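Welcome! Let us take a friendly walk through one protein structure, a few places at a time. Please have a look at the sequence and the model first.

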Amino acid sequence: MRNLIAFILILVVSGCSQPPADRSLLSEEKRRMHEFSLSSMEVAEGLEAKLFAHEPMLVNPTNIDIDHRGRVWVCEGHNYRLSLNPDKKEKPEGDRILILEDTDLDGKADKQTVFYQGNDVNSALGISVLGNKVIVSKSPNILVFTDVDGDDKADTKELLFTGMDGIEHDHGIHAVIFGPDGKFYFNAGNDFHQMMNPDGTPVIDLAGNVINDSGNPYRQGMAFRCDPDGSNLETLGWNFRNPYELTIDSYGNIWQSDNDDDGNRGTRLNFVMEFGNYGFTDEMTGAGWRTGRTGMAKEIPFKHWHLNDPGVVPNLLQLYAGSPTGIVIYEGDLLPAVFHQTLIHTEAGANVVRSYPIEKHGAGYKSQINQVMKATEDPWFRPSDVCVAPDGSLFVSDWYDPGVGGHRVGDQEKGRIFRIAPTGKNYSIPAIDIVSIPGLIESLKSPNQEVRYLAWTGLNKLGTEAQPALLQLFNGDNPYFSARALWLLAELDAEAAFAMGSKSDNPNLQITAIKIARQKLNDDLLNYLLELGTTTSPQVKREIAIALRFQKSKRASELWADLATSYQGDRWFLEALGIGSDLDADARFIAWQSKVGKAWNQGVNRDIVWRLRSPHTLPLLASLILESDHMEATYRYFRAFDFHQSNQKNQAIESILSKTGENNREEFLRLAFQHLDKDYVIKSSALRKQLLAAVESYRGTDNFLPTIQKYQLQQYNEELLEMILKAEQNRTTATRILLENDPNLLSDVLNGSDQQQTSALLVALGEVGNNQSLDLLQGFMLNSNTPTPLRQQAARRYATSWQGQSRMLDLLESEDFPEELVQPAAGSLAASWRPEVRKEAAIYLGTQDTAENSLPGINQLVTLEGNIDAGAVVFDELCQSCHVINGVGTDFGPGLSEIGSKLSKEALYASILNPDAGIGFGYEGYLVTLSDGSKVTGLIQSRTPSQITIKQIGGANSVYQMEQVQSIEQLDTSLMTPNLHLLMDQQQLVDLVTFLDSLESPV
């Protein structure tokens, strides 16, 4: 009977796009078969999904594009990070760029062509088909393949850009998109680091900046625009984490998503306001988002992107937990009207394709989440990209895997392409004419990128001959078509095109006109902007403010000041004003203050003071702080001081202390010494005296120890010792400071008679794990006059750090190492995350490294039933020391509050059984060697030119000055407890995974 049901299900799937199959009747193996892929799909009203292509025709699609013939081009990722997935098969000949074609228009691909295959395109992250050129993004290169003879095979290969990091990494270079202005747009994740020209020279953008993430001025991931030959490159936005790709609408507006650090519900949708900072790290120092700062947001998603800082562009929309991937702006009309002019986006972590209607909001935009297609019962559905076909239908690629990439691949044999269209609307490929002017005009209206590219190229080549038709298109009813025509008219006469766009009653076309003026009329740009100076549209004002960024003249500052006086409290506009003022901040401030006069501190004018980077604002910030009735505003203004670098900043802060009354004095003291420069304080006897009062106010806060360390205050040594002996939360930091300030205090405790105090200190010294702490432990451990139980404890604590493990192995080889210490030392070494250490420990323990066990395979484990409550108990006992769920636990590894929404059971088992194969980006372990030879391991939480913060296992943060650091090396292995599954029986493992699988997103 069950076989009959299964057979009926197959018939249903083959005959209907949305079969009512009961997946509970299917085995795990059959659920993964492409025949049943639609049985779990939930599609928006009015739409249906059909399976266009599937394995073995393609596997692991990372990115797709669709050409003018309706063919789907696919980047495969079979050879995805094989060095981290040694159990997977390699294709020695490399990954493929495929062309999939539906020759009989039955909605299914029936022809496969290999356009190119090679190891230079392994797991490429981007593809763009433009005529006979195919642009493939694969760090370290952006490659341009050309099919010279039209046989669908690559004949030549050239470099557009090279030298980018992110090789075999999701955070490298991403897809190139053809813009309506004839330029290329693309972005890169924060592992790309720099960009080189084909000749190996650094790329320098039009602003004169070298393209790298050193903080001069750019950091982290970036978005770019350039001419098709790679020249005239502009950096359009920076300080992203990992935007998978971008999209651009007909007006020239740029949109993208961005991935957060895993487990922090911080993914986001961005409108890329050109030349903006997007806040993943501290703009000035590069410090990580977890690093404490004044006025820090309370909610992690907002804290994550530094949204409370001046100079950070707002997010269009918080997407919370997930792994956002491909994105496209839908400017077609085949789909229902609700999807017109929306962003369509694939979300691999949440197994969903979404749409986002864009609404104007102040000078920016807002949106909401709508669902297009979701796999409700198949967590292996991992949509990686979405494109629009010439007929207006959507094509979605499915990586199809138990996980979302990130480092790991679970399945190399599967991959799918789905087509989404109105119910009953079969696939069609519109005939295009790219020879005649009417045909080219009609092609320019296409929702498909390559069709528009061919039309743009053809019309641009025709020049003035195409002008009448373009004018007619501009004057039509469709504003998208008008914008596309305007861009091409600008190629013929930019001044006339600007005049037409600027006089339009459609603000979007005015925006297009401004963008045209910036590109084509830069020498006289200010005059054109002045023509628009009286506009009432917030969006147009935004673009004028941005366009003033590189204009340095009195007239430019006066126009900027006029715009600033119209500011009414909208953050989008405030940041646009900031972008337009940052390169000439003093002149902008003077022009603005001459207009507002004494009203500079009234209402929203205070925001202008907060955002401007002119030194003239520093005494004004001090005045605002003294006048403020709300501490939240006080924090905000104090934070603004961090974005100024001059002694004037210190003087302004000092003036606050000299003028404040008693009511707020304690809080102002607390804040002042967080923002004053150390050298400035040390030179002032008055400030040194006030510093001690500030430190007293820091007691019980996170600022207490950093202030003692920052200002090297010796008078708190006894108090630090007390914190250590009471095993307070910050004992590791206190121990490190005391080792620098007065190590004799620690020696006295070790040599004292209070064994309880000695035991507490042994724990703290082991957590520090540098040579200085290990020397103290070693002397104590090898002192035969010390009680044996304490010496054994010292041996165990000695062998918990990287440095301690390495030194302990040397000690164990010594013939005179005390026998009574061998077992406790080797037992501690056996828990190391370093396999070579565990192997050595097994020799001394007389055991074998038990990495292998008798567990069944993952395919069998996922079929076993577990108990959620029992799994929660296992988590509390074994996992809570490194992970947080709903605010409970230790913040070391990725947060797991919604992990069941992101990973399938298969991926959860794989993460526990083989953590080295799936280390999340940002959670890689590092070995930091200090100048004294000490070695420290952990996660890099923050790295600035002056200091580095390492989060060690257990969650304690250790801060080191960069002058102490000799080298930094990334580890190949995970810092997750090795062989964790050996600490539980099989049923406990099943229960744990069942519990984790139940943790799903509320969204």
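Is Arg225 buried or exposed? Arg225 is buried, because its relative accessible area is 3%. Here buried means under 20% relative accessible area, exposed means over 50%, and partly exposed lies in between, with a 1.4 Å probe and protein chains only.

## Before we start

This is a predicted model, in which local features need pLDDT of at least 70 and side-chain atom pairs count only at pLDDT 80 or more, while totals for chains, interfaces and linings use all residues. Residues are numbered from 1 along each chain as its sequence is written, and side-chain values use heavy atoms, leaving out hydrogens and water.

## An open sheet of five strands

Let us begin with a sheet. Helices (H or I, at least four residues) and strands (E, at least two) are DSSP runs, numbered from the N terminus. Two strands pair if DSSP finds at least two bridges between them. Five strands make an open sheet in the order β11-β12-β13-β14-β18, and the pairing is mixed. β11 and β18 (276–277) are at the edges with a single partner strand each, so one side of each has no neighbour in the sheet.

Now look at β13, residues 221–226. Six of its six residues are buried, so β13 is largely enclosed by the rest of the structure. In a regular strand the side chains alternate between the two faces of the sheet. Both faces of β13 are covered: Gly221, Ala223 and Arg225 are buried on one side, and Met222, Phe224 and Cys226 on the other. β13 pairs with β12 (residues 184–188) in the antiparallel sense over five bridges. Across this pairing, Phe184 stands opposite Cys226 and Phe186 opposite Phe224. β13 is also joined to β14 by five bridges, again antiparallel, and there Met222 has Trp238 as its bridge partner.

## Salt bridges around the sheet

A salt bridge is a side-chain nitrogen of Lys or Arg within 4 Å of a carboxyl oxygen of Asp or Glu. How many salt bridges are there by this rule? The count comes to 44.

One of them links the side chains of Arg225 and Glu234, at 2.9 Å from N to O. Glu234 is buried too, with a relative accessible area of 13%. Through shared partners, salt bridges join Arg225, Glu234, Glu274, Lys515, Arg518, Arg542 and Glu543 into one network.

Another pair is Lys183 and Asp227, whose closest N and O atoms are 2.4 Å apart. Lys183 is in the loop between β11 and β12 and Asp227 in the loop between β13 and β14, so the pair ties together parts 44 residues apart in sequence. Lys183 counts as buried at 12% relative accessibility, and Asp227 does so at 17%.

## A buried charge and a buried proline

Asp170 is found in the loop between β10 (156–161) and β11 (177–178).

Pro243 sits in the loop between β14 (234–240) and β15 (246–248). With 0% relative accessibility, Pro243 counts as buried. Contact means heavy atoms within 4.5 Å. Leaving aside neighbours within four places in sequence, Pro243 is in contact with residues including His174, Asn187, Gly189 and Asp258.

## Another covered strand

Strand β28 (residues 416–422) is mostly covered, with seven of its seven residues buried. Seven bridges join β28 to β2 (residues 47–54) in an antiparallel arrangement, where His54 stands opposite Arg416. β28 also pairs with β27 (residues 394–398), antiparallel over five bridges, and there Ser397 stands opposite Ile417.

## A helix with two sides

Finally, turn to helix α33 (residues 868–878), where Gly871, Val874 and Phe875 are buried. They cover an arc of only 100° around the axis, which puts them on the same side of α33; the arc is that of the directions from the helix axis to the C-beta atoms. An α-helix has 3.6 residues a turn, so residues three or four places apart point the same way.

What covers the buried residues of α33? The cover includes β29 (884–885) and α36 (986–997). The face of α33 turned away from the buried side carries the exposed residues Asp869 and Glu877.
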